[in-house]
Amino acid sequence: HCNVNMNAECLELFNNVSAINDRLKYDAITFATALKACTQSTGCHDGEHIHELLKQEGHRHLLTETMIQTNLINMYGKIGNLAECARIFADIKHNEVDKYHSEISIWNAMLHAYGRNGDMLHVEQLFDTMQANAINPDAKTYKTLISSCSHSGNVGKAQQIWLHHIQDEQIKFDPFVVSALIDCFSRTGMIFEGYELLLQYEQFTKNSTIDDIHKEVMCEGYELLLQYEQFTKNSTIDDIHKEVMWTSLLSGCKKHGDQVMAETIDQEMKHRLYMKQTLDDKTKAKTENTDEAKSESASKAPQKMEKKGPMQPPPPRPPGPQTNREKPFDPNAKAKAETMGTASVLMSNIFGSGANFDKVNEIRAEMKRRGWKKKPGFSEIDVYGTMHRFYAGWGYRKTPEYKIIDRKLEEISERMEEFGYKRDYSAITRQLKDWETPNAVLNRHGEKLAVIYGLLTTQPDYLIVVNKNLRICVDCHNWMKMVSKIEQRKLIIADTNRVHTFEDGKCTCNDYW
């Protein structure tokens, strides 16, 4: 469940272990997996409950397990509780000296916690301490360092790390490291530099694929390696990483309104994802036709006559070559379609922000024709142990609470105007329906609906934490700051890369994300 992001199901199973079989006992893997599910869903209240369970007699010894410690740091880092992360790390330093001086995963978890919260000062201090303790950084360390620079806008520091700190070429061109640096370039508007780096990465992996590099470091057993090779048989892991890199460049184009570069990148993505596949299919079909022709030619060649018994009726002729061949099955077709769906939506948003709706409609038509669909954006909030998911738009009106949500939205909007709140209409990237207004559409972004629901259903001292699978838009970011001031509530909005903590009208990202 956890590995496929079925986090609610994972936690339900965790909570019912004893009910399923009273002889089953929690172990380190059970707790670590449950904590990972809490991190993925930003289920901080479930995570805190699991931590308390670990402190009880009978489970306390598991708190020294590395996988438990790293998952606790990841979980608390995802909800912006850096003080608890630092406390766990300090306990390891004082009570497990050997682990503190040797286990890189603990350091990486702590760096990631600081980095995803934009605390670049503590990231640099912790990295300096690592080097002072002669702890060798790995690819994940450098990926985390560069990502931290990306979230704080320090592109110069990121370049310095990549060019001068990383000596090992395999680490320098690790796909996660390169992706982090491309993301850093994209966020700061250096789209062409990111594009050049991606081409450099492609050149590096041309002769020695990153897939082979991953195979060399596989150490989880022969059976796992066989599964990995089967997965990468038709499409290497390297291709998947490059899709992420191209999408990151498009996100940068959207952020900085670079339509010219966006069109170049879009064409490059289509060429790599679909032209290559078409050529491979044609080559395979040509090979099969050649083999069939050889086989047919051989069957027509004169054969030496042999004495046989009574004549038998000739066997039926095998069917000739098929003219309408079925397209070879591509196990990664769905992932590619989702990637191009994401890219196309980004392109649509770029033109939509400039009110070029003819181009938007053209892109949407191509998506429909090719079957490209983007994963829908959602926002989740944990309310007293129950996860509630909201999507952008009007779908929430199917729930019985929609009327009080609408009333609260209107009330909040009116109070915001008194404080001088200004809408950012660039977040509207589609043509509105006749009955829609710009303000109403902006109000129906998923994270806003989740926060409103949290305000309506929780006590004032309850921490509102929203998990997103997309980046927060500018209008929602400004809205969250205003709500935190008006309602005097601490709000945490977390996605897969960044944590925004809103309090008293301010955000910990300092308006850079």
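Start by selecting Ile 50: beyond its neighbours within four places in sequence, Ile 50 is in contact (heavy atoms within 4.5 Å) with Leu 11, Phe 14, Phe 31, Ala 34, Leu 35 and Cys 38. Before you go on, note that this is a predicted model, where local features need pLDDT of at least 70, side-chain atom pairs count only at pLDDT 80 or more, and totals for chains, interfaces and linings use all residues. Residues are numbered from 1 along each chain as its sequence is written, and side-chain values use heavy atoms, with hydrogens and water left out.

Ile 50 and Ile 265 have the most contacts inside the largest nonpolar core, which has 92 residues. Such a core is a set of buried Ala, Val, Leu, Ile, Met, Phe, Trp, Tyr and Cys residues joined through side-chain atoms within 4.5 Å. Buried means under 20% relative accessible area, exposed over 50%, and partly exposed in between (1.4 Å probe, protein chains only).

Next, pick Thr 42, in the loop between helix H3 (28-41) and helix H4 (44-54); helices (H or I, at least four residues) and strands (E, at least two) are DSSP runs, numbered from the N terminus. Phi of Thr 42 is near 55 degrees, a positive value in a residue other than glycine, and Thr 42 is buried at 2% relative accessibility.

Now show Asp 183 and Arg 471, which form a salt bridge with the closest N and O atoms 2.8 Å apart. The term means a side-chain nitrogen of Lys or Arg within 4 Å of a carboxyl oxygen of Asp or Glu. Asp 183 lies in helix H13 (residues 175-187) and Arg 471 in the loop between strand E3 (464-468) and helix H24 (474-486), so the pair ties together parts 288 residues apart in sequence.
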